[in-house]
Amino acid sequence: MDAPHYVAARVQRALAEDERTVELGIRVDVRGNQIFLRGRVSAPERRLLIEDVAREAAPGLSVHNEITLVEVREPGEEEHL
Amino acid sequence: MTETRIAAVADIHMGEDLRGHFRPKLHGIENRAEVLLVGGDLTRHGTVAEGRVVADELRDLPIPVIAVLGNHDYHSDAEQAITAILRDAGVTVLDDEATILSLDGTTLGVVGGKGFGGGFAGKCASEFGEPETKAFVRHTRQIADRWRRALKELDTDHRIVLSHYSPVKDTLMGEPTEIYPFLGSYLLAEAADEEGADLIVHGHAHLGTEKGLTPGGIQVRNVAVPVIGSAYTVYCLNGA
Ligand SMILES: [Fe+2]
Ligand SMILES: [Fe+2]
């Protein structure tokens, strides 16, 4: 089995370079045979797509998708500078 | 004393699947702000098709829209085409240059460009060694020089710098420190500190935090959508 370090790098690179994701904002941590994905994205489909791409890049490992959804709310209070 | 209200957002990362999703959130923006700044990463892959989606989302807003591109918008080598499409839609796209708006008797100057990386004082790359390393750092330095010149020439009541990359570390809090050199450069802050500005707005650091300050005391705001969690945030500058 590859060292966790290289697995994490491979997944990170797949997320960035795969045409389906082109995602640079996800943290990838590998512990043993588990991959943890953390970050924030704007759509539920995107969250699942990132999980798919990560799974393909590291077959056989169990993926923990801890990516949360950004809820794009109405703008809040203005800030006075 | 009239206030100038600046709406700002970055990293909207539009694609065909998000067509029509962003525009409705800008409804009524003219009642909340005098101008909208968009800090780059308008697209995901930097394709012309995605550029058209962005243009349609921003077209004919009741307030002026000023934008810069981000690294994603360069990914398909179509940055010039995207810039032209946005300009056709009435968006002012800044590429290391300034624009001046006259808002209700107050003048606002915005200097902008995508910026670049290199890291932060004491922990940054320098123009030394291999040509690739020199080119990386030189790119940022040349951008900072152009911003410095543009700021020097701006004689407006207010001055804002609009960037994609971050000028400070403060607003990167939450990102792994190992990648800070790819998230911004202190050279961008140094240029603004030398010439003075009221606010620096940027994006790029999706895991970062909103508020920061340059060493010279200029307010910095990271307005990446995942950071602000809304379609834009409004910052008010006091009357001049
Ligand atoms: Fe981004
Ligand atoms: Fe970016």
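Modeller: Four donors count as tetrahedral if all angles lie between 85 and 135 degrees; four count as square planar and six as octahedral if opposite donors are over 155 degrees apart and all others between 65 and 115; anything else is irregular. Bear in mind that this is a predicted model, where local features need pLDDT of at least 70 and side-chain atom pairs count only at pLDDT 80 or more. Residues are numbered from 1 along each chain, and side-chain values use heavy atoms, without hydrogens and water.

Colleague: What makes the arrangement around the iron ion (ligand 2) irregular?

Modeller: Its four donor atoms subtend angles of 88 to 158°, so the arrangement is irregular.

Colleague: Which residues are its protein donors?

Modeller: B:Asp41 (OD), B:Asn71 (OD1), B:His164 (NE2) and B:His204 (ND1) lie 2.1 to 2.2 Å from the iron ion (ligand 2). Donors are N, O and S atoms within 2.8 Å of the metal (3.2 Å for Na, K and Ca); water is not among the atoms, so sites may look incomplete.

Colleague: What does B:Asp41 coordinate besides that ion?

Modeller: B:Asp41 also coordinates the iron ion (ligand 1), 3.5 Å from the iron ion (ligand 2).

Colleague: Why is B:Asp41 called buried?

Modeller: Buried means under 20% relative accessible area, exposed over 50%, partly exposed in between (1.4 Å probe, protein chains only). B:Asp41 has 1%, so it is buried.

Colleague: Which residues of helix α4 of chain B are buried?

Modeller: Among them are B:Leu187, B:Leu188 and B:Ala191. Helices (H or I, at least four residues) and strands (E, at least two) are DSSP runs, numbered from the N terminus.

Note on methods: Chains are lettered from A and ligands numbered from 1 in the order in which they are written.
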